[in-house]
Amino acid sequence: RAYFSCARYYDLLLAGRRRELATARTSATTTTTTATRAAAHPSGGGTTAEVAPLLGGGHHDDASSFSFESGVCDYDAVAHDLAEKAMEWYGASLQQGAKHAQTALPRLLTLWFEFAAVDA
């Protein structure tokens, strides 16, 4: 039971991190859009190409970003570490017995497939 509880704890931390990243991304997109509109306006000064990269807009290389959950989150080392810990604990839970297998195994596989796509 302790292994499964620890896995669920890391899974909850991961869910919180995903929400945090989604909120940050939403606010960054709103800020970038507002700045882009201001820069394009004649009285705004500067051009869109000058302002967007400074605010986190613009192009991202594939090595530093990925999407899961419909493109909500960017790659994040903390989220990756939390997912890795959750997978370890779900695996340990499965090694101890089948009591939580109906929950632990699908979640383990879901995390595995989500984060395996990151490395590809």
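## A salt-bridge network

Arg17, Glu20 and Asp76 are joined in a network of salt bridges. Keep in mind that this is a predicted model. Arg17 works with two partners here. With Glu20, the side chains meet at 2.6 Å, N to O, and because these residues sit three apart in helix α1, about one helical turn separates them. With Asp76, the side chains also form a salt bridge, again given as 2.6 Å from N to O.

How exposed are the members? Arg17 has a relative accessible area of 18%, so it is buried, and Asp76 is buried too, at 14%. Glu20 is partly exposed, with a value of 47%.

## Another bridge from α1

The structure has four salt bridges. One of them brings together the side chains of Arg18 and Glu114, 2.4 Å from N to O. This pair also spans distant parts of the chain, with Arg18 in helix α1 and Glu114 in helix α4, 96 residues apart. Both Arg18 and Glu114 are buried.

## The overall layout

Stepping back, the protein has four helices and zero strands, so from the N terminus the elements simply read α-α-α-α. Of its 120 residues, 30% count as buried. Among contacts with a separation of 6 or more, 67% are between residues 24 or more positions apart. The accessible surface is about 7800 Å², and carbon and sulfur atoms hold 58% of that.

## The nonpolar core

What makes up the largest nonpolar core? It has 14 residues, and those with the most contacts inside it are Leu14, Ala83, Ala86, Tyr90, Leu111 and Phe115. The elements giving two or more residues to this core are α1, α3 and α4, with α3 giving the most, at six residues.

Take Tyr90 from that list. Setting aside residues up to four places away in sequence, Tyr90 touches Phe4, Ala7, Arg8, Asp11, Ala104, Arg107, Leu108 and Leu111. His80 is another residue worth a look: it lies in helix α3 (residues 77-96) and, at 18% relative accessibility, is buried because the cut-off is under 20%. Beyond its neighbours within four places in sequence, His80 is in contact with Tyr75 and Phe115.

## Aromatic pairs

There are three aromatic pairs in the structure. In one of them, the ring centres of Tyr3 and Trp89 are 5.6 Å apart and the planes sit at 35 degrees, so the pair is tilted. Tyr3 belongs to helix α1 (residues 2-40) and Trp89 to helix α3, so this pair ties together parts 86 residues apart in sequence. Tyr3 is partly exposed at 33%, and Trp89 is partly exposed at 28%.

Tyr9 and Tyr10 make another pair: their ring centres are 5.8 Å apart with planes at 65 degrees, so they are edge-to-face. Tyr9 is partly exposed, at 48% relative accessibility.

Which residues make the nonpolar surface patch of about 440 Å²? They are Leu105, Leu109, Trp112 and Phe113. Leu109 lies in helix α4 (residues 101-119) and is partly exposed, with a relative accessible area of 38%.

Definitions and conventions
Residues are numbered from 1 along each chain as its sequence is written. This is a predicted model: local features need pLDDT of at least 70, side-chain atom pairs count only at pLDDT 80 or more; totals for chains, interfaces and linings use all residues. Side-chain values use heavy atoms; hydrogens and water are left out. Buried means under 20% relative accessible area, exposed over 50%, partly exposed in between (1.4 Å probe, protein chains only). Contact means heavy atoms within 4.5 Å. Rings of Phe, Tyr and Trp (its six-membered ring) pair if their centres lie within 6.5 Å; planes under 30 degrees apart count as stacked, over 60 as edge-to-face and the rest as tilted. Patches are made of residues with over 30% relative accessible area and no salt bridge: like charges are joined within 9 Å, nonpolar side chains (Val, Leu, Ile, Met, Phe, Trp, Tyr) within 5 Å. Accessible areas come from the Shrake-Rupley method with a 1.4 Å probe; for residues, only the protein chains shown count as cover. A nonpolar core is a set of buried Ala, Val, Leu, Ile, Met, Phe, Trp, Tyr and Cys residues joined through side-chain atoms within 4.5 Å.
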